[in-house]
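Hi there,

Here is the structure I promised to pass on to you. Have a look at it, and then read my notes on its pockets and surface below.

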Amino acid sequence: MSNQPTPPTGADLMARVGSFVLYWSLFEVALTKAIQEARARFHVEPARIRGGLKERLDIWADLVARLPENAGKSDIAASVYRQALYLRDVRNLIIHGLVSFHAHPDLEANVHIKCEVGGFEEPTEKFVSYTMTDLEHVLQGVDACRRAMTGLSNFNYVIEDRPAIA
C-alpha cells in the first residue's frame with residue numbers, strides 16, 4: 001500500500017466545479033438575506049431586490065456602511081465587493097464557457113478545466129484554464145464572501161493571486 005496521494009481525476013475536477021456553483025448560489029442567497037435584514041434594521045419597507053450582482057452589491061455596500069457595527073470596516077466591505085465581482089466573472093466563465101477538462105493521472109500539475117472567453121454565444125477563441133488549486137481558491141473566496149454577508153468580520157479569505165480573465 002502506497003502513502004502517495006491519489007492524483008486528481010476528472011471526477012475530482014467536476015466535484016470542485018460543482019462545489020463552486022453550489023457555494024455561489026449560497027452566496028447569492030446570503031446577499032439577498034443580508035440586504036433584507038439591513039433594510040429591516042433601518043425600517044425600510046420590504047421590497048423586491050432587483051438587478052444583477054453589481055446592483056445588489058451596491059445596495060448591500062450602502063446598507064452595510066451605515067450599520068454601527070461596521071464602523072471602521074470599509075476596507076473589508078470593499079474587499080468583499082471586489083472579490084464578489086471577480087468571482088461573478090469566474091462563475092460566468094465556468095457556467096457559460098466550460099469546454100473541456102484535462103485530468104491525466106501522470107500529469108497531476110496539468111489537471112485543469114478550460115473555458116472559452118465569451119462562452120458559447122460569443123466565442124472569442126481565447127481560453128482560460130483553472131487548475132485544481134485555482135478552483136480551491138475561488139471556492140474558498142466565494143465562501144468567504146458568503147460568510148461576510150453575516151458579518152464583515154467573518155470575511156477571512158482574500159484571493160490575492162487571481163487567475164486572469166481575458
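A word you will need: a residue is buried under 20% relative accessible area, exposed over 50%, and partly exposed in between (1.4 Å probe, protein chains only). Val99 is partly exposed, because its relative accessible area is 38%. This residue sits in strand β1 (residues 98–102), where a strand is a DSSP run of E with at least two residues and a helix a run of H or I with at least four, numbered from the N terminus.

The model is predicted, so local features need pLDDT of at least 70 and side-chain atom pairs count only at 80 or more, while totals for chains, interfaces and linings use all residues. Residues are numbered from 1 along each chain as its sequence is written, and side-chain values use heavy atoms, without hydrogens and water.

Now the pockets. A pocket is an open set of points on a 1 Å grid over the protein atoms alone, where a 1.4 Å probe fits, with protein on both sides within 12 Å along at least five of seven lines; lining residues have an atom within 4 Å of a point.

The largest pocket is lined by 15 residues, with Leu67, Glu69, Met149, Thr150 and Gly151 nearest its centre. Helix α1 (10–41) and helix α2 (53–66) each supply at least two lining residues, and α1 gives the largest share, four.

Of the eleven residues lining the second largest pocket, Asn92, Leu93, His96, Gly118 and Gly119 are the closest to its centre. Helix α3 (residues 74–97) gives the most to this lining, with four residues.

Enjoy exploring!
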